[in-house]
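Dear colleague,

A summary of what was found in it comes after.

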Amino acid sequence: RAASTAKAACEAWRVAMTAMPQMVALFNGSGGGAAAIVSSLEYLHFVRRGVPVPMDTGISILLGALIGAISLSGSIVAFGKLQGIVTERAVTYPLQKPLNTLLFLGILVMSVWLVATGAPSVIVYSWFAGASLLLGVLVVIPIGGGDMPVVISLLNSFTGLATAATGFALHNNVLIISGTLVGA
C-alpha cells in the first residue's frame, strides 16, 4: 500500500504533454501577476511616505502593473479555456470592440493623471489596477481555444515586458535584462 501511495504522489507531480499549454499559461500568469504586485507595492511605498512619484518611476510602475495585470488575468482565462473550465469557443458580445476601446482609454486617462500629478492616489490606482485586470479578461475571452497557444506566447512576452518595466521602477538591472530577454 505504501508503494502505491508513493507512486500516486509521484504521478500527481507529472503533467501530461497535452496539458503543457495550460501549465505554461499558469506560469506566465504568475510571472505577470508578480510583476504587477511588485509594481503596486512600489507605488504604495510612495503613498506610505507621502511623497510625489517621480515621472520616470511612475511610468515604469504603471507599465509594469498594466502589462502584468493583463498577463495575469489573460493567462487565467487561457488556462480556463484549455482546461475546459471556461468554454473553448470564442465568447463575443455586442459592442465588444468599442467597450474594450473605452476601457483602454479609461486606463490611459488614469495613467496620464497619475503620472502628470505625481500625487499618490490609492483610489485612482485601485481603479487603474482593476480596469487592467478586466482588460486582460476581455481581450482573451473572444479568442477560441485553438488559438490559445499563440495567445499564451503573446502573454509570455507581456510578462517579460512587465518584469522589465518593474525592473526600471526598482532600478534593478537583473529584472530589466531578464524581462527584456523574455519579452523579446
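Residues are numbered from 1 along each chain as its sequence is written, and side-chain values use heavy atoms, with hydrogens and water left out.

The protein chain has a mean pLDDT (the predictor's confidence in each residue, from 0 to 100) of 88, and 90% of its residues reach 70 or more. Confidence is highest in helix H5 (residues 122-140), at a mean of 96, and lowest in helix H1 (residues 2-12), at 50. Helices here are DSSP runs (H or I, at least four residues), numbered from the N terminus. Where pLDDT is low, the predicted coordinates should not be read in detail.

On the surface, Leu 95, Leu 99, Leu 102, Phe 104, Leu 105, Leu 108 and Val 112 form a nonpolar patch with about 670 Å² of accessible area together. Such a patch joins nonpolar side chains (Val, Leu, Ile, Met, Phe, Trp, Tyr) within 5 Å, from residues with over 30% relative accessible area and no salt bridge; a salt bridge is a side-chain nitrogen of Lys or Arg within 4 Å of a carboxyl oxygen of Asp or Glu. Areas come from the Shrake-Rupley method with a 1.4 Å probe, and for residues only the protein chains shown count as cover.

Leu 95 has a positive phi of about 60° although it is not a glycine, and is exposed at 60% relative accessibility. His 171, in the loop between H6 and helix H7 (173-183), likewise has a positive phi of about 60° without being a glycine; its relative accessibility is 63%, which counts as exposed.

The largest pocket has a volume of about 210 Å³. A pocket is an open set of points on a 1 Å grid over the protein atoms alone, with protein on both sides within 12 Å along at least five of seven lines; lining residues have an atom within 4 Å of a point. Of the 13 lining residues, Ile 70, Val 139, Leu 154, Leu 155 and Phe 158 lie nearest the centre of the largest pocket. H3, H5 and helix H6 (148-170) each give two or more residues to this lining.

Yours sincerely

Notes
Predicted model: local features only at pLDDT ≥ 70, side-chain atom pairs only at ≥ 80, totals over all residues. Patch = residues over 30% accessible without salt bridge, like charges linked within 9 Å, V, L, I, M, F, W, Y side chains within 5 Å. 1 Å grid on protein atoms, 1.4 Å probe; cavity = no way out; pocket = protein on both sides within 12 Å on 5 of 7 lines; lining within 4 Å. Points joined across faces, edges and corners; volume = space filled by probe spheres on them. Buried < 20%, exposed > 50% of the residue type's maximum accessible area, 1.4 Å probe, protein only.
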